[in-house]
Amino acid sequence: MTEPVIDTYATIFDIQSFSINDGPGIRTTVFFKGCPLSCLWCHNPESHTTGVQLMYHKNLCTHCMQCVGVCEQGVHGMREVNGRLMHTVDSTLCIGSAQCLKVCCYDALSLVGQRVSTQQVADRIFKDSRYFPVSEERGGVTFSGGEPMLHVPFILELVRKIPGIHICMETSGYASRKAFEEVMPVIDLFLFDYKVTNPDLHTQLCGVDNSLILENLAYLYEQGKDIILRLPLIPSVNDTDEHFDGIAGIMKRYPNILRAEIMPYHTYGLAKSEELGLGISSRLPKQGATDVMIDAWLKELDKRGCTKVCRS
């Protein structure tokens, strides 16, 4: 008897082929929308919410106002600046009808987020899979976001449709124990973020404290899972002695962690935040981390006995 085809749905904002920084080898990375954290430095601000979002690329806008006439939600408006009518956007009112995109001739507007089925994603992965064995390390699929742990039923069904492919999970660690228990058997490697050591500062910078995150890291380690610790470091924000001591403590407590990878701060998320109509924290650097900074961070960790640390 033929088993029924099960198709679960989720909202993603990108599928990236030929990824080389999201796990071993050449990979296909699936970026899910939705995240329980709100990290100030997030380079994927379009992942914070689960719904479709409008992006306004003002450098491409000619202020023709065609979008104003077709939008029934009041997303698009006009204001006068120095005697000239200028286009205004209130993205919070958008319901994703895409009527404005149809009349914009200059691609100044786009929608972020697409509802997809497990079969659609599996088909895309199979197209890419011929490239997975090309590199020295075994390639495969990485689930990222946002927070992919918000989409466990989708991931479980998708993995059943792509047997034999190496699976990575990039996670903040902020999810229920039950969710990790369910997904753990199908994940070959966890790319586990360790963002801030001090729990109060973690709350200030990421919106939640880190107690649940640390509990889940301990659980995955105790279960013998392969883990790479990922360390987003932001100049003058979390590159502190306290955090370097915390990283060293984690690596000492869990010696079988494969390695730790420094994720240097970059400014890619700032422009996207502006295009989404989101605020940008004044605490964030306006320039990315330099090689000098990264070398200094590596030295700080090395003198604390962290020998399994590299730049991502």
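Trainee: In which loop is S236 found?
Mentor: This is a predicted model. In it, S236 is found in the loop between β11 (226–233) and α8 (241–253).

Trainee: Is S236 buried or exposed?
Mentor: S236 is exposed, and its relative accessible area is 74%.

Trainee: What about D107, and where is its place?
Mentor: D107 sits in the loop between α2 (99–103) and β6 (109–112). D107 is not a glycine either, yet its phi is positive, at about 55°. With a relative accessible area of 58%, D107 counts as exposed, because the cut-off for that class is over 50%.

Trainee: Turning to peptide bonds, which is the geometry from G145 to G146, cis or trans?
Mentor: That bond is cis, with omega near 10°. G146 itself lies in the loop between β8 (140–144) and α4 (152–161).

Trainee: Now the helices. Which residues of α9 are buried?
Mentor: Helix α9 covers residues 268–275, and G269, L270, K272 and S273 are buried in it.

Trainee: What covers the buried residues of α9?
Mentor: The cover includes strand β3 (53–56).

Trainee: And what follows α9?
Mentor: G277 follows α9, and the phi of G277 is positive, near 75°.

Trainee: Stepping back, how many helices and strands does the protein have?
Mentor: There are 10 helices and 13 strands.

Trainee: How does the radius of gyration compare with that of a compact globule?
Mentor: For 312 residues a compact globule would have a radius of gyration near 20 Å, and the 21 Å of the protein agrees with that. The C-alpha trace spans about 65 × 60 × 35 Å along its principal axes.

Trainee: What share of the residues is buried?
Mentor: Buried residues account for 48% of the 312. As for contacts between residues at least 6 apart in sequence, 68% join residues at least 24 apart.

Trainee: What is the accessible surface of the protein?
Mentor: It comes to about 15600 Å², and carbon and sulfur atoms contribute 51% of that area.

Trainee: Last topic: how many positive and negative side chains are there?
Mentor: The protein has 29 positive and 36 negative side chains, and the centres of the two sets lie 2 Å apart.

Notes:
Residues are numbered from 1 along each chain as its sequence is written. This is a predicted model: local features need pLDDT of at least 70, side-chain atom pairs count only at pLDDT 80 or more; totals for chains, interfaces and linings use all residues. Side-chain values use heavy atoms; hydrogens and water are left out. Helices (H or I, at least four residues) and strands (E, at least two) are DSSP runs, numbered from the N terminus. Buried means under 20% relative accessible area, exposed over 50%, partly exposed in between (1.4 Å probe, protein chains only). Contact means heavy atoms within 4.5 Å. The radius of gyration is taken over C-alpha atoms; the globule rule is 2.2 Å times the number of residues to the power 0.38. Accessible areas come from the Shrake-Rupley method with a 1.4 Å probe; for residues, only the protein chains shown count as cover. Lys and Arg count as positive and Asp and Glu as negative; His and the chain ends are not counted. The place of a charge is taken as NZ of Lys, CZ of Arg, CG of Asp or CD of Glu.
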